[in-house]
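Let's go through a structure together, one feature at a time. Have the model open and ask as you go.

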Amino acid sequence: MKFAVVVFPGSNCDVDMYHAIADELGEEVEYVWHDEDNLDRFDAVLLPGGFSYGDYLRSGAIARFSKVMAAVKQAADAGKPVLGVCNGFQILLEAGLLPGAMRRNQGLKFICRPVQLVVENNGTMFTSAYEKGEVITIPIAHGEGNYYCDEQTLERLVENKQIVFRYHGENPNGSLMDIAGIVNERGNVLGMMPHPERAVDALLGSADGLKLFRSIVNYWRETHVVTA
């Protein structure tokens with residue numbers, strides 16, 4: 001399986017994402033600069049965290065206009081797994097690939113520490129390796145992680161089981177309904193504020209994020225015929 005790690009000016013978690021795929025999963029991965037216009041050679045697309053374009057205007061507001069985003073949308077439309085983490089989640093929201101918006105943290109401070117999440121839906125291509133209701137530890141690092149949407153959108157998210165992760169025990173940023181991660185209606189685009197790529201080895205304090213990447217690979221292997 002071949003992954004693309006999209007790199008924008010200001011990305012700073014691209015190396016962590018690359019390490020998770022190449023060194024922990026043992027899968028093929030390549031950095032893709034933001035001016036790339038074709039992602040057909042990749043099986044999955046990863047948008048890493050950071051401060052794309054300095055977070056000017058709003059987090060992700062400029063990155064959504066990058067040339068690569070048309071190709072990201074094409075990958076999503078083709079049913080390929082697309083994962084946006086932290087700033088990547090914000091970019092997916094700004095691009096309209098996921099519903100809702102991101103606001104400043106409730107306490108107006110940047111937060112960087114491990115948090116607990118509960119797996120609300122393990123029936124997606126990103127969460128099949130988890131148990132439903134499993135509590136996992138994943139670090140966060142953001143100043144704008146306060147997820148918000150209107151009532152109608154929230155009703156659809158709940159009805160369609162699009163809320164994949166919630167904060168458990170403590171909501172660090174004021175996010176609506178403790179939402180930490182959501183998928184689109186089709187289930188192949190996931191945005192989440194916590195950083196699974198920073199929780200892929202016990203030496204880092206948790207390996208709970210590795211199951212997310214394994215879920216993607218398992219899904220791909222189940223849906224593709226691999227020939228020698």
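Q: At what angle do helix 1 and helix 5 pack, and how far apart are their axes?

A: Keep in mind that this is a predicted model. Helix 1 (residues 14-25) and helix 5 (residues 210-223) pack at an angle of about 70 degrees, and their axes are 11 Å apart. Angles of 65 to 115 degrees count as roughly perpendicular, so that is how helix 1 and helix 5 are described. The crossing of helix 1 past helix 5 is right-handed.

Q: Which residues make the contact?

A: Helix 1 contributes Met17, Ala20, Ile21, Glu24 and Leu25, while helix 5 brings Leu210, Phe213, Arg214 and Val217. Sorted by class, this contact has 7 nonpolar and 2 charged residues, with no polar ones.

Q: Now the aromatics, please. How many aromatic pairs does the structure hold?

A: There are 4 aromatic pairs. To read one, take the distance of the ring centres and the angle of the planes. For Tyr18 and Tyr31, the centres are 4.6 Å apart and the planes at 20 degrees, so this pair is stacked. Tyr18 sits in helix 1 and Tyr31 in strand 2 (residues 28-33), 13 residues apart. Tyr18 is partly exposed at 28% relative accessibility, and Tyr31 is partly exposed at 36%.

Q: How are the rings of Phe51 and Phe110 arranged?

A: Their centres are 6.5 Å apart and their planes at 35 degrees, so the pair is tilted. Phe51 is in the loop between strand 3 and helix 2, and Phe110 in the loop between strand 5 and strand 6, so the pair ties together parts 59 residues apart in sequence. Phe51 is partly exposed at 37% relative accessible area, and Phe110 is partly exposed at 47% relative accessibility.

Conventions. Residues are numbered from 1 along each chain as its sequence is written. This is a predicted model: local features need pLDDT of at least 70, side-chain atom pairs count only at pLDDT 80 or more; totals for chains, interfaces and linings use all residues. Side-chain values use heavy atoms; hydrogens and water are left out. Axes are lines fitted to C-alpha atoms, for helices over the stretch in contact, and angles run from 0 to 180 degrees between N-to-C directions. Helices (H or I, at least four residues) and strands (E, at least two) are DSSP runs, numbered from the N terminus. Angles under 35 degrees count as roughly parallel, over 145 as roughly antiparallel, 65 to 115 as roughly perpendicular and the rest as oblique. A crossing is left-handed if the near helix is turned anticlockwise from the far one by less than a right angle, and right-handed if clockwise. Contact means heavy atoms within 4.5 Å. Ala, Val, Leu, Ile, Met, Phe, Trp, Tyr, Cys and Pro count as nonpolar, Asp, Glu, Lys and Arg as charged, and the others, Gly among them, as polar. Rings of Phe, Tyr and Trp (its six-membered ring) pair if their centres lie within 6.5 Å; planes under 30 degrees apart count as stacked, over 60 as edge-to-face and the rest as tilted. Buried means under 20% relative accessible area, exposed over 50%, partly exposed in between (1.4 Å probe, protein chains only).
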